[in-house]
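User: I would like a close look at one part of this model, followed by an account of how that part relates to the rest. Please keep the answer connected.

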Amino acid sequence: MEFDKELDARNLNCPLPILRCKKGLSEIAATQTLKIMATDPGSVKDFQAFCKQTGHELLQLDEADGLFTFYIKKRAD
Amino acid sequence: MPKKLALIASKGTLDWAYPPFILASTAAALDYEVQIFFTFYGLTLLKKDLSDLKVSPLGNPAMPMPVPMPNFVQMLPGMESMATMMMKQKIASKGIASIEDLRTACLESGVKMIACQMTVDLFDFKTTDFIDGIEFGGAATFFEFAGESDVNLFI
(Lines give C-alpha, C1' and ligand atoms only; values in the text may rest on other atoms or scores of the structure.)
Protein backbone atom coordinates (compact mmCIF):
# COMPACT_ATOMS: atom_id res chain seq x y z
CA MET A 1 0.00 0.00 0.00
CA GLU A 2 1.32 3.42 -0.91
CA PHE A 3 1.75 6.12 1.69
CA ASP A 4 3.16 9.62 2.00
CA LYS A 5 4.59 9.50 5.51
CA GLU A 6 5.55 6.75 7.92
CA LEU A 7 5.44 6.83 11.72
CA ASP A 8 6.75 4.39 14.28
CA ALA A 9 4.62 4.14 17.42
CA ARG A 10 5.85 0.69 18.41
CA ASN A 11 6.27 -0.03 22.13
CA LEU A 12 4.23 3.04 23.02
CA ASN A 13 1.13 2.79 25.16
CA CYS A 14 -2.18 4.65 25.25
CA PRO A 15 -2.63 7.50 24.37
CA LEU A 16 0.75 8.01 22.70
CA PRO A 17 0.03 6.20 19.39
CA ILE A 18 -3.04 8.38 18.86
CA LEU A 19 -1.15 11.56 19.79
CA ARG A 20 1.66 10.64 17.37
CA CYS A 21 -0.90 9.88 14.68
CA LYS A 22 -2.59 13.24 15.16
CA LYS A 23 0.77 15.00 14.90
CA GLY A 24 1.69 12.98 11.83
CA LEU A 25 -1.57 13.86 10.11
CA SER A 26 -0.92 17.53 10.76
CA GLU A 27 2.32 17.21 8.82
CA ILE A 28 0.81 15.85 5.59
CA ALA A 29 -1.58 17.44 3.11
CA ALA A 30 -5.29 16.66 2.90
CA THR A 31 -6.08 13.28 1.26
CA GLN A 32 -2.49 12.09 1.68
CA THR A 33 -1.89 8.79 3.48
CA LEU A 34 -0.10 8.18 6.77
CA LYS A 35 1.34 4.79 7.65
CA ILE A 36 1.67 4.19 11.37
CA MET A 37 2.95 1.11 13.18
CA ALA A 38 1.95 0.20 16.74
CA THR A 39 2.25 -2.73 19.10
CA ASP A 40 -0.36 -1.65 21.66
CA PRO A 41 -3.26 -4.13 21.22
CA GLY A 42 -5.66 -1.39 22.37
CA SER A 43 -4.60 0.75 19.43
CA VAL A 44 -6.78 -1.24 17.01
CA LYS A 45 -10.02 -0.10 18.57
CA ASP A 46 -8.56 3.31 19.36
CA PHE A 47 -7.52 4.04 15.78
CA GLN A 48 -10.92 2.93 14.51
CA ALA A 49 -12.57 5.23 17.03
CA PHE A 50 -10.16 8.05 16.21
CA CYS A 51 -10.94 7.84 12.50
CA LYS A 52 -14.68 7.56 13.07
CA GLN A 53 -14.70 10.72 15.18
CA THR A 54 -12.30 12.85 13.18
CA GLY A 55 -13.36 11.98 9.63
CA HIS A 56 -10.00 10.59 8.57
CA GLU A 57 -10.27 7.31 6.70
CA LEU A 58 -8.74 4.07 7.92
CA LEU A 59 -7.83 2.57 4.56
CA GLN A 60 -6.21 -0.58 5.79
CA LEU A 61 -5.19 -2.39 8.94
CA ASP A 62 -2.57 -5.14 8.84
CA GLU A 63 -1.78 -7.39 11.75
CA ALA A 64 1.26 -9.65 11.97
CA ASP A 65 2.96 -11.06 15.07
CA GLY A 66 1.62 -8.38 17.40
CA LEU A 67 2.49 -5.56 15.03
CA PHE A 68 -0.40 -3.42 13.86
CA THR A 69 0.03 -1.28 10.77
CA PHE A 70 -2.54 1.37 10.00
CA TYR A 71 -2.95 3.31 6.76
CA ILE A 72 -4.90 6.47 7.36
CA LYS A 73 -6.01 8.87 4.68
CA LYS A 74 -6.25 12.44 5.89
CA ARG A 75 -9.68 13.96 5.43
CA ALA A 76 -10.28 16.56 2.74
CA ASP A 77 -10.25 20.12 4.10
CA MET B 1 -18.41 23.71 16.03
CA PRO B 2 -15.99 21.49 17.97
CA LYS B 3 -17.14 19.32 20.86
CA LYS B 4 -16.05 20.45 24.29
CA LEU B 5 -14.60 18.60 27.26
CA ALA B 6 -14.42 20.10 30.74
CA LEU B 7 -12.39 18.34 33.42
CA ILE B 8 -11.84 18.98 37.09
CA ALA B 9 -8.51 17.59 38.32
CA SER B 10 -8.65 17.36 42.09
CA LYS B 11 -6.00 14.77 42.95
CA GLY B 12 -2.26 15.20 43.23
CA THR B 13 -0.72 11.74 43.21
CA LEU B 14 1.30 10.18 40.40
CA ASP B 15 -1.38 7.62 39.56
CA TRP B 16 -4.26 10.09 39.60
CA ALA B 17 -2.29 12.55 37.52
CA TYR B 18 -2.76 10.30 34.51
CA PRO B 19 -6.52 10.35 33.85
CA PRO B 20 -6.93 14.10 33.33
CA PHE B 21 -3.87 14.44 31.09
CA ILE B 22 -4.61 11.28 29.08
CA LEU B 23 -8.23 12.28 28.52
CA ALA B 24 -7.40 15.90 27.75
CA SER B 25 -4.61 15.13 25.26
CA THR B 26 -6.71 12.47 23.54
CA ALA B 27 -9.77 14.68 23.35
CA ALA B 28 -7.62 17.43 21.83
CA ALA B 29 -6.40 14.89 19.25
CA LEU B 30 -10.06 14.20 18.50
CA ASP B 31 -10.53 17.93 17.84
CA TYR B 32 -12.30 18.65 21.12
CA GLU B 33 -11.84 22.00 22.75
CA VAL B 34 -10.61 21.16 26.26
CA GLN B 35 -10.34 22.92 29.58
CA ILE B 36 -9.02 21.47 32.84
CA PHE B 37 -9.78 23.15 36.13
CA PHE B 38 -7.15 22.22 38.74
CA THR B 39 -8.36 22.45 42.29
CA PHE B 40 -7.10 21.42 45.73
CA TYR B 41 -4.43 18.69 45.44
CA GLY B 42 -4.81 18.66 41.67
CA LEU B 43 -3.10 22.03 41.62
CA THR B 44 0.22 20.32 42.19
CA LEU B 45 -0.04 19.01 38.61
CA LEU B 46 0.56 22.54 37.35
CA LYS B 47 3.86 22.99 39.16
CA LYS B 48 6.99 23.41 37.10
CA ASP B 49 8.63 20.53 38.89
CA LEU B 50 6.60 17.32 38.78
CA SER B 51 9.39 15.09 40.07
CA ASP B 52 7.93 14.91 43.57
CA LEU B 53 4.64 13.33 42.49
CA LYS B 54 4.20 10.16 44.49
CA VAL B 55 1.99 7.13 44.64
CA SER B 56 0.92 5.71 47.98
CA PRO B 57 0.11 2.05 48.59
CA LEU B 58 -1.35 3.01 51.97
CA GLY B 59 -5.09 2.49 52.19
CA ASN B 60 -5.16 1.26 48.60
CA PRO B 61 -5.90 -2.46 48.71
CA ALA B 62 -6.27 -2.62 44.92
CA MET B 63 -2.67 -1.65 44.24
CA PRO B 64 -0.77 -4.66 42.87
CA MET B 65 2.25 -5.41 45.06
CA PRO B 66 5.15 -7.74 44.28
CA VAL B 67 4.59 -9.47 47.63
CA PRO B 68 1.53 -9.29 49.92
CA MET B 69 2.03 -6.38 52.26
CA PRO B 70 -0.09 -5.58 55.30
CA ASN B 71 -1.08 -1.97 55.94
CA PHE B 72 1.23 -1.56 58.94
CA VAL B 73 4.21 -2.36 56.70
CA GLN B 74 3.06 0.12 54.06
CA MET B 75 3.14 2.94 56.58
CA LEU B 76 6.83 2.46 57.36
CA PRO B 77 9.19 5.28 56.32
CA GLY B 78 10.45 4.83 52.78
CA MET B 79 7.56 2.69 51.57
CA GLU B 80 5.98 5.53 49.65
CA SER B 81 9.25 6.36 47.89
CA MET B 82 9.79 2.70 47.08
CA ALA B 83 6.29 2.28 45.66
CA THR B 84 6.79 5.45 43.62
CA MET B 85 10.11 4.25 42.27
CA MET B 86 8.64 0.90 41.28
CA MET B 87 5.66 2.56 39.64
CA LYS B 88 7.93 4.87 37.62
CA GLN B 89 10.00 1.90 36.45
CA LYS B 90 6.84 0.09 35.39
CA ILE B 91 5.57 3.16 33.56
CA ALA B 92 8.81 3.49 31.60
CA SER B 93 9.06 -0.23 30.81
CA LYS B 94 5.51 -0.35 29.43
CA GLY B 95 6.00 2.56 27.04
CA ILE B 96 3.62 4.77 29.01
CA ALA B 97 4.19 8.50 28.73
CA SER B 98 5.51 10.48 31.66
CA ILE B 99 3.21 13.06 33.23
CA GLU B 100 5.54 15.79 31.98
CA ASP B 101 5.21 14.54 28.40
CA LEU B 102 1.43 14.27 28.58
CA ARG B 103 1.13 17.74 30.08
CA THR B 104 3.34 19.14 27.34
CA ALA B 105 1.22 17.35 24.74
CA CYS B 106 -1.88 18.96 26.27
CA LEU B 107 -0.36 22.43 26.20
CA GLU B 108 0.90 22.03 22.64
CA SER B 109 -2.53 20.95 21.46
CA GLY B 110 -4.22 23.94 23.00
CA VAL B 111 -5.72 22.48 26.17
CA LYS B 112 -6.56 25.38 28.45
CA MET B 113 -5.53 24.93 32.07
CA ILE B 114 -7.04 26.90 34.90
CA ALA B 115 -5.63 26.98 38.42
CA CYS B 116 -8.10 27.43 41.25
CA GLN B 117 -7.23 30.80 42.75
CA MET B 118 -8.79 29.87 46.10
CA THR B 119 -6.52 26.84 46.44
CA VAL B 120 -3.48 28.94 45.54
CA ASP B 121 -4.37 31.24 48.45
CA LEU B 122 -5.29 28.37 50.78
CA PHE B 123 -1.99 26.56 50.43
CA ASP B 124 0.12 29.72 50.10
CA PHE B 125 1.36 28.65 46.68
CA LYS B 126 3.32 31.18 44.67
CA THR B 127 2.20 31.80 41.11
CA THR B 128 5.87 31.51 40.13
CA ASP B 129 5.74 27.81 41.18
CA PHE B 130 3.48 27.11 38.23
CA ILE B 131 4.16 26.60 34.54
CA ASP B 132 3.57 29.42 32.09
CA GLY B 133 0.50 29.58 29.92
CA ILE B 134 -2.11 28.81 32.58
CA GLU B 135 -4.90 30.99 33.90
CA PHE B 136 -6.17 31.58 37.40
CA GLY B 137 -9.86 31.59 38.20
CA GLY B 138 -12.69 30.28 40.31
CA ALA B 139 -15.84 28.19 40.10
CA ALA B 140 -17.63 30.70 37.89
CA THR B 141 -14.76 30.56 35.43
CA PHE B 142 -15.12 26.78 35.28
CA PHE B 143 -18.85 26.97 34.63
CA GLU B 144 -18.43 29.47 31.83
CA PHE B 145 -16.87 26.66 29.80
CA ALA B 146 -18.42 23.60 31.53
CA GLY B 147 -21.92 24.91 31.00
CA GLU B 148 -21.58 24.59 27.27
CA SER B 149 -19.46 21.42 27.26
CA ASP B 150 -20.50 18.04 25.87
CA VAL B 151 -18.55 16.06 28.47
CA ASN B 152 -17.87 17.08 32.08
CA LEU B 153 -15.77 14.91 34.37
CA PHE B 154 -14.64 15.27 37.96
CA ILE B 155 -11.38 13.44 38.58
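How many bridges join strand β2 (residues 33-38) of chain B to strand β3 (residues 112-116) of chain B, and in which sense do the two strands run, parallel or antiparallel?

Analyst: The model is predicted. In it, β2(B) and β3(B) run parallel and are joined by four bridges. Within this pair, B:Gln35 faces B:Lys112 of β3(B).

Other helices of chain B may be considered next. Helix α1 (residues 14-29) of chain B packs with helix α4 (residues 99-108) of chain B at an angle of about 35 degrees, their axes being 9 Å apart. The crossing of α1(B) past α4(B) is left-handed. On the α1(B) side the contact involves B:Ala17, B:Phe21, B:Ile22, B:Ala24, B:Ser25 and B:Ala28, which meet B:Ile99, B:Leu102, B:Arg103, B:Ala105 and B:Cys106 in α4(B). Sorted by class, the residues of this contact are nine nonpolar, one polar and one charged. Helix α3 (residues 79-93) of chain B has 15 residues, which at 1.5 Å a residue should span 21 Å; its end C-alpha atoms lie 21 Å apart, in agreement with that figure. Just after α3(B), B:Gly95 adopts a positive phi of about 70 degrees.

Helix α1(B) also meets chain A. Helix α1 (residues 16-26) of chain A packs with α1(B) at an angle of about 30 degrees, with the axes 9 Å apart. This angle makes the two helices roughly parallel, and their crossing is left-handed. Here A:Ile18, A:Leu19 and A:Lys22 of α1(A) meet B:Ser25, B:Thr26 and B:Ala29 of α1(B). Three of the residues in this contact are nonpolar, two are polar and one is charged.

Across the whole contact between the chains, 11 residues come from chain A and 11 residues from chain B. On the chain A side, α1 and α2 (43-54) each supply at least two residues, and α1(A) gives the largest share, four residues. By class, that side has six nonpolar, four polar and one charged residues.

Chain A has an open sheet of four strands in the order β1-β2-β4-β3, with mixed pairing. Its edges are β1 (5-9) and β3 (57-64) of chain A, each with a single partner strand, so one side of each is left without a neighbour in the sheet. Neighbouring strands are turned by 15 degrees against each other on average, direction ignored. In this sheet, β2 (residues 33-38) and β4 (residues 67-73) of chain A pair in the antiparallel sense over six bridges, with A:Leu34 and A:Ile72 as bridge partners. Helix α2(A) lies across β2, β3 and β4 of chain A and runs at about 175 degrees to β3(A).

Notes. Residues numbered from 1 in each chain as written. Chains lettered and ligands numbered in written order. Predicted model: local features only at pLDDT ≥ 70, side-chain atom pairs only at ≥ 80, totals over all residues. Axes fitted to C-alpha atoms, helices over the stretch in contact; angles between N-to-C directions. Parallel < 35°, antiparallel > 145°, perpendicular 65-115°, else oblique. Left-handed = near helix turned anticlockwise from the far one by under 90°. Contact = placed C-beta atoms within 7 Å. Nonpolar A, V, L, I, M, F, W, Y, C, P; charged D, E, K, R; others polar. Pairing = 2+ DSSP bridges. Expected span 1.5 Å × (residues − 1).
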